[in-house]
Amino acid sequence: MSHTIQHRGTVERIDHDTVFVAVEQQTACAGCHAKSVCSVGGAERRIIEVVTPYASSYEVGERVIVALLRNSMGLSSIIWGYVMPLVVLLVVLFGTKLLGAEDGVAALATLLSIALYYVALYLARSYFARKIQFTIIKE
């Protein structure tokens, strides 16, 4: 099985078919090419939910490896979380200026559009949760 990003962690709890894994920041994150955009690398401790039909085979406190599957939306997540907001910001800013809006109005419209974008992204979180697939591996 080939993975792109892996983190070692400890099973925090198990709930039906979901294993909750606490991932600690690792010194290896310093050398990772994705460290600037990785939310796991920037946090000291983060809980990752892994849905698996084998959840009952894990125990609380067990050391595991959590991996983002290669066919998952890793790159797409970066685009939705960082690139698209920049595009929205620039399009609204330049669009309002081309329509003759004053600087204050353009800035307010830009901030409002970014806020609406992130609200829409938040409301679509269940869609993204289904697309981003983690797997869990016993150490």
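Author: Contact, or touching, means heavy atoms within 4.5 Å. This is a predicted model: local features need pLDDT of at least 70, side-chain atom pairs count only at pLDDT 80 or more, and totals for chains, interfaces and linings use all residues. Residues are numbered from 1 along each chain as its sequence is written, and side-chain values use heavy atoms, with hydrogens and water left out.

Reader: Which residues does Ala-55 touch, not counting those up to four places away in sequence?

Author: Ile-14, His-16, Asp-17, Thr-18 and Val-19.

Reader: Where does His-16 lie?

Author: In the loop between strand E1 (3-15) and E2. Strands (E, at least two residues) and helices (H or I, at least four) are DSSP runs, numbered from the N terminus.

Reader: Is His-16 buried or exposed?

Author: Exposed, at 74% relative accessibility. Buried means under 20% relative accessible area, exposed over 50%, partly exposed in between (1.4 Å probe, protein chains only).

Reader: What is phi of His-16?

Author: Near 55 degrees, a positive value in a residue other than glycine. Most residues other than glycine have a negative phi.

Reader: New topic. How many residues has the largest nonpolar core?

Author: Eleven, including Ala-55, Tyr-58 and Ile-136. Such a core is a set of buried Ala, Val, Leu, Ile, Met, Phe, Trp, Tyr and Cys residues joined through side-chain atoms within 4.5 Å.

Reader: Which strands each supply at least two residues of this core?

Author: E2 (18-24), E3 (45-51) and E4 (63-69). E2 gives the largest share, three residues.

Reader: And Thr-110, buried or exposed?

Author: Buried, with a relative accessible area of 6%. Thr-110 sits in helix H3 (residues 103-123).
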